[in-house]
Amino acid sequence: MHVPGPQLPHFPSLGSVRLTTLCIFFALGSYVWGYLVGIVGTVYVSPGFITALKKPKAPQVGMMTAFYYLGTWTSFVFIAPRLADLLGRRYAAFIGALVACVGAALQTGAKGGRETGVSMFIFGRVVSGLGTAVLSTSVPLYQSEITPARRRGRYVVLNHIGFVAGLASAFWVSYGMTFWKGHEGVRLSWRLSIAVVFIPAAVLCLGIPFTPETPRWLLEKGHEKRAEQSLLWIRGQASPTPEVTAELDEIRANILYHHTHSITSWKTLFRDRDLFARLWRAALLQFLSQMSGSTAMKYYLPTNFLALGLGRRMALLAGGIESTLKIACAVIGMTIIDRIGRRAALFVGAAVMVVALLINGALPQAFPGNKNHASDYACIVFIFVFTFGYSIGFGPTTWVYGSEIFPTYVRARGLSISASGGSIGSIIVAQIWPVAFQHIGSRTYFIFMSINLASIVIIYFLFPETKGKTLEEMDGLFGKVTVGSDESVNVKGNTSTTGESGQESPKGEKDGVLISVGEKV
């Protein structure tokens, strides 16, 4: 009688280990981005910062936040896509990290009178915004272009996990700085807390030269041999395999097709009706993501906790816990986004945020003056609930949706331009929140609750589900991208015609992919 032996443990393949390691490493770029976003909210309540900049007023604080997003908008539209296409995804991230650090250095050294100090700090925020916009687009581009289609959502969400890890670290660093007592502690702690960002940025910049460029970008630039070597290494193969060869053929055919039809200008995104249908949806989703109230929760979270009666140290501690919760929620989002779909994640997240904002707006009106501690604690709990909603909804889904609906040849430009919609939303919120809170108090939350309610309706009617869709199927959702020819090139270089229905015929199809419309997403 045969007795089965013990079950051997399953170990990930070399390709899976390398893919995961690369995606986590490049998430350091998102970590830098998140840290620079999170640290400012803690600096705003620092006694040393308030003293050094001569007690900046609420509109000035709003400008410090808003001008950062002016920098990101400028970079998203004019700089980030060009760097990603010119230098490659890796070295775009490298440049982005360096520029972000220059901005952080300017913020760290801000001093002088109210006008001089505030101006120097704002200029540093603008420079940081220019750099982090490059990071926030080049990192998900890199992750999406090295990842197999069936697992893309999971790995691109690592971009969001890196971001929220940076946010959390910023709060914990600032919380730790509160224990630095004495005159020197008050004077220097806020400056040192900003300067901490140089550490992860240095690790990223030192490691980037040792990572492979994406095969897709290398083929775009004509580096055939390097592209093959890059994909072989990423997939953990020593020599070409049929799978790797097929993957390279798909990329090559896609690039050849779009080069043949001269699809190179970013203006195509606006001129082609069906591409524009994708662009405005991605941009609107970015805009709604920031108008949901997330910008205010990132930048003014310690201030919001102070308004609920917490002391400065406790406010920073609560901020650290809240931001750490975002990491766990982002991991949950990573596991469910490819299961329940993009629309369901957005619906659930927005509904949760509506409830949380309603509670935070209503309870302080019913029990003003921090006299009812149970009311204040309930508001704090529902700020955490808001975090859960955002982290499973808009937080990760916005970037996944935007990175997958564009064809490859306009993906960098499409993602960057659509991300500028988020910058516009953030500028609006950054200006509204401190001034509105000063004049109407907790009723400010009702403004953003209404926006989330509107978002549910907008998403229901205007945003189709993209989970598991190939780019061929994307044409059915957003309209077929027409580029001046009725023919398309398939994986083997043959042609397939488009019928009156707008759907490709089965001829030339390989694993659900037709190169006329890119790759499986």
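Predicted model: local features only at pLDDT ≥ 70, side-chain atom pairs only at ≥ 80, totals over all residues.
Local features need pLDDT of at least 70, side-chain atom pairs count only at pLDDT 80 or more, and totals for chains, interfaces and linings use all residues. Residues are numbered from 1 along each chain as its sequence is written, and side-chain values use heavy atoms, without hydrogens and water.

Visitor: Which helix gives the largest share of the nonpolar patch?
Guide: The patch on the surface is formed by I424, I428, I432, I440 and I447. Its members have over 30% relative accessible area and no salt bridge, with nonpolar side chains joined within 5 Å. Four residues, the largest share, come from residues 411-440, helix α19.

Visitor: Is I447 buried, partly exposed or exposed?
Guide: I447 belongs to helix α20, residues 444-462. Buried means under 20% relative accessible area, exposed over 50%, and partly exposed in between, with a 1.4 Å probe and protein chains only. Because its relative accessibility is 35%, I447 is partly exposed.

Visitor: Which residues does S455 touch?
Guide: S455 also lies in helix α20, and S455 counts as buried because its relative accessibility is 0%. Contact means heavy atoms within 4.5 Å. Not counting residues up to four places away in sequence, S455 touches L288 and F394.

Visitor: How much space lies in the largest cavity?
Guide: On a 1 Å grid over the protein atoms alone, a cavity is a set of points where a 1.4 Å probe fits but cannot get out. The count comes to four cavities of 30 Å³ or more. A volume is the space filled by probe spheres set on the points. For the largest cavity, that space is about 240 Å³.

Methods: Patch = residues over 30% accessible without salt bridge, like charges linked within 9 Å, V, L, I, M, F, W, Y side chains within 5 Å. Areas by Shrake-Rupley, 256 points an atom, 1.4 Å probe, with all protein chains shown as cover. Salt bridge = Lys/Arg side-chain N within 4 Å of Asp/Glu carboxyl O. Helix = DSSP H or I, 4+ residues; strand = E, 2+ residues; numbered from the N terminus. 1 Å grid on protein atoms, 1.4 Å probe; cavity = no way out; pocket = protein on both sides within 12 Å on 5 of 7 lines; lining within 4 Å.
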